[in-house]
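Hi,

Have a look through it when you get a moment.

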Amino acid sequence: MMKILRASMLMAVLVSGPAFAQAPHFNMMADGPGKTPEQIEKQKAIEKAYKDTLRKIPDAAGVNDPWGGVRNEGQPKAIAKNKAKSKIGAAGGTAN
C-alpha cells in the first residue's frame, strides 16, 4: 500500500513541475540603492541625445516599390486597394 502511495505522490510532483515553473516569480527583496544625482543627470543626457537623434531621421516621403524600375511603363503600379479586393488564394482558387 505504501508503494502505491509513494508512487502516486511522485507522479503528482512530476506532473505539477512544469505548471509550477510557469508561475510568476516575485522579488521580495528591496530594490538596490537609489541613483546618485550624477547618474540621474547622465541618464537624462543620454535620453535627450537619443530623442535628438530620432528627430534627425527624415520621414519616408514616397512609397517603397522595389520592383518599380523593372515594370514596363504601361503597367499600373501596385496599389494596396487591389490586395483587399482580391479573394483568390495562392493556388488560383477562391479563398475559404
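First, a term you will need: pLDDT is the predictor's confidence in each residue, from 0 to 100. The model is predicted, so local features need a pLDDT of at least 70 and side-chain atom pairs count only at 80 or more, while totals for chains, interfaces and linings use all residues. Residues are numbered from 1 along each chain as its sequence is written, and side-chain values use heavy atoms, leaving out hydrogens and water.

The chain has three helices and zero strands, in the order α-α-α from the N terminus. (Helices are DSSP runs of H or I with at least four residues, strands are E runs of at least two, and both are numbered from the N terminus.)

On confidence, the mean pLDDT of the chain is 76, with 71% of residues at 70 or more. Helix α2 (residues 37-56) has the highest value, 95, and helix α3 (residues 80-85) the lowest, a mean of 48. Over residues 81-86 the pLDDT is below 50, and this stretch has zero contacts (heavy atoms within 4.5 Å) beyond near neighbours in sequence.

Now the surface. Of the 96 residues, 0% are buried, where buried means under 20% relative accessible area, exposed over 50% and partly exposed in between (1.4 Å probe, protein chains only). The chain exposes about 10000 Å², and carbon and sulfur atoms supply 63% of that; areas come from the Shrake-Rupley method with the 1.4 Å probe. Val 15, in helix α1 (residues 2-21), counts as exposed because its relative accessibility is 60%.

Best wishes
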